[in-house]
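Keep the viewer open as you read.

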Amino acid sequence: MAESEDLSNSSSNSSSREDMHFFEGVEKLLEIWFEPSTACKNADLRKIPRPMWDALLKTVRCEIISFTRNDQIDAYVLSESSMFVSKRRWILKTCGTTTPLQCFEPLLRLAAEIAGYTEIEDLFYSRKNYKRPELQVSPHRGFDEEVAFLDSFFDDGRAYSLGAINRDCWHLYTLSRGGGGSKILKRNNHLHQLMEQHHSQQQQLQQQQEDDDVQQLDAQLIEASMQPDPDQTIEILMTDLDPSVMAIFTKDVCTTAKEATQKSGIHRLLPGMVIDDYLFDPCGYSMNGISKNGCYMTIHITPEREFSYVSFESNVASSDYGELIKRVTRTFQPGKFIVTVFANKTSIAANANREIEHLGTIDQWKRRDIQYSRFASYDLTYAQYCKYPS
Ligand SMILES: C[S@+](CC[C@H](N)C(=O)[O-])C[C@H]1O[C@@H](n2cnc3c(N)ncnc32)[C@H](O)[C@@H]1O
């Protein structure tokens, strides 16, 4: 399977490429939803203390550089992108040569031992094709390897590649169940035992509770599981960006992250977000934005001209993502971009596929690819756009 970006127009040969400074902006994105726990009423991933996150992120090869929180969500800016921790949802987005799948086992242990979760309800692992896949380390040297790794944990995982696999494309691994928990495979013996052990301990505790309490909780859970909470995620992954915009995200032009945020107009993309931003030296930018209702946005920028890359992601609900896509692409002026939208049936973005189908052009960007997929609990729309004439 072709993995690298289309390099047919590149004049670089392999020896000069070796010497070149390079940073892989493309992120690996892992989102896990844990199943609400009947036995542990106060289960919460935010109970996991900071030193444990620090240790977990060492296995990923990155570290926390900034932190902000509100009642709904803890948001971490990392040396390579971001981590968001909510009650039962965990999101890790990391770029460069990080290894997010390496922290999968430690995460499940912390979720069981500290947070009180023993079952995974849903999982999404996704990324764009890397620009330089040969620089990645195991288990991220190719999508096949990432899938094999995840398949060793799940018996119901499914892998998809959307877009043109010899050019710009996007890979996704997800579970095929609509909630209901996904059993960790028995061949991961130690982890399986650990999860089972926590599960049975919690079940014993459950039996000690008053019958009324349990019945009430069960009734609430049944009702909640029949009607999922609205959920949606939009990602816009941009390449070949306008150098004059990218210059903003260098220390030559801005001395602080706040200055870069304001000069670029990032603060106007989704008003009402509390922004935690970071400007790297000599260049590079990351920000997390969070709002009181639990929404987040995150933007990461690799401004170097030879491999410029910007990602935008948010779970903000909208029935008009076209407007948001316009604001984002006008801000960063990419040569090309990929949009993905996940939305479940109760989301106001549930018709995003139809909306994007009508967006054949967005300003000066023309759509080259569109695919629509229906999964157990979410619909997914993938589209790719290029600036024309291209
Ligand atoms: C971490 S940031 C944003 C990454 C993000 N995934 C993206 O490219 O959209 C990466 C940018 O910061 C620069 N940078 C400077 N110092 C860095 C550091 N210590 N760690 C990671 N990136 C650094 C890189 O050269 C690159 O331009």
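S81 is buried, because 25 other C-beta atoms lie within 10 Å; a residue is called buried if 20 or more other C-beta atoms lie within 10 Å of its own, exposed if 12 or fewer, and partly exposed in between, with C-beta atoms placed from the backbone. Bear in mind that this is a predicted model, in which local features need pLDDT of at least 70 and side-chain atom pairs count only at pLDDT 80 or more, while totals for chains, interfaces and linings use all residues. Residues are numbered from 1 along each chain as its sequence is written.

S81 lies in strand β4, which covers residues 81-85. Strands here (E, at least two residues) and helices (H or I, at least four) are DSSP runs, numbered from the N terminus. Leaving aside neighbours within four places in sequence, S81 is in contact with E27, K93, T94, C95, S286 and H300; contact means that the C-beta atoms of two residues, placed from the backbone, lie within 7 Å.

The unreviewed UniProt entry places the feature "active site" at S81, C95, S286 and H300. These residues are spread over 220 residues of sequence, yet they cluster in space, with a largest C-alpha distance of 11.2 Å. The unreviewed UniProt entry also places "modified residue: Pyruvic acid (Ser)" at S81. UniProt positions are given in the numbering used here, feature names are shortened, and annotations may be inferred rather than shown by experiment.

Now turn to C95, found in the loop between β5 (89-94) and α3 (104-115). C95 counts as buried because it has 26 C-beta neighbours inside 10 Å. Not counting residues up to four places away in sequence, C95 touches E24, G25, V26, E27, E80, S81 and H300. Further along, α3 has the buried residues F104, L107, L108, L110, A111, A112 and A115. After α3 comes G116, with a positive phi near 95°.

What about the strand that holds H300? Strand β12 (residues 296-302) is mostly covered, with 7 of its 7 residues buried. Y296, T298, H300 and T302 point one way from β12, while M297, I299 and I301 point the other way. On one pairing, 6 bridges join β12 to strand β11 (residues 285-290), and the two run antiparallel; strands count as paired if DSSP finds at least two bridges between them. Within that pairing, I290 stands opposite Y296. The hairpin of β11 and β12 has 5 residues between the strands, and G294 takes a positive phi near 95° there. Another 6 bridges join β12 to strand β13 (residues 309-314), again antiparallel, and V310 in β13 is the bridge partner of I301. β12 and β13 form a hairpin with 6 residues between them.

Next, the sheet that includes β4. In it, 8 strands form an open sheet in the order β2-β3-β4-β5-β1-β6-β8-β7, with antiparallel pairing. β2 and β7 stand at the edges with a single partner strand each, so one side of each is left without a neighbour in the sheet. From one strand to the next, the twist averages 15°; axes are lines fitted to C-alpha atoms, for helices over the stretch in contact, and angles run from 0 to 180 degrees between N-to-C directions.

Finally, step back to the whole chain. The protein chain is divided into domain 1 (28-194) and domain 2 (232-387), with bounds that come from an automatic or database domain assignment. The C-alpha centres of the two domains lie 21 Å apart, and 28 residues of domain 1 are in contact with 25 residues of domain 2. On the domain 1 side, β2 (64-69), β3 (74-78), β4, β6 (120-128), β7 (157-163) and β8 (169-175) each supply at least two of the residues that touch domain 2. The residues of that side divide into 10 nonpolar, 12 polar and 6 charged, where Ala, Val, Leu, Ile, Met, Phe, Trp, Tyr, Cys and Pro count as nonpolar, Asp, Glu, Lys and Arg as charged, and the others, Gly among them, as polar.
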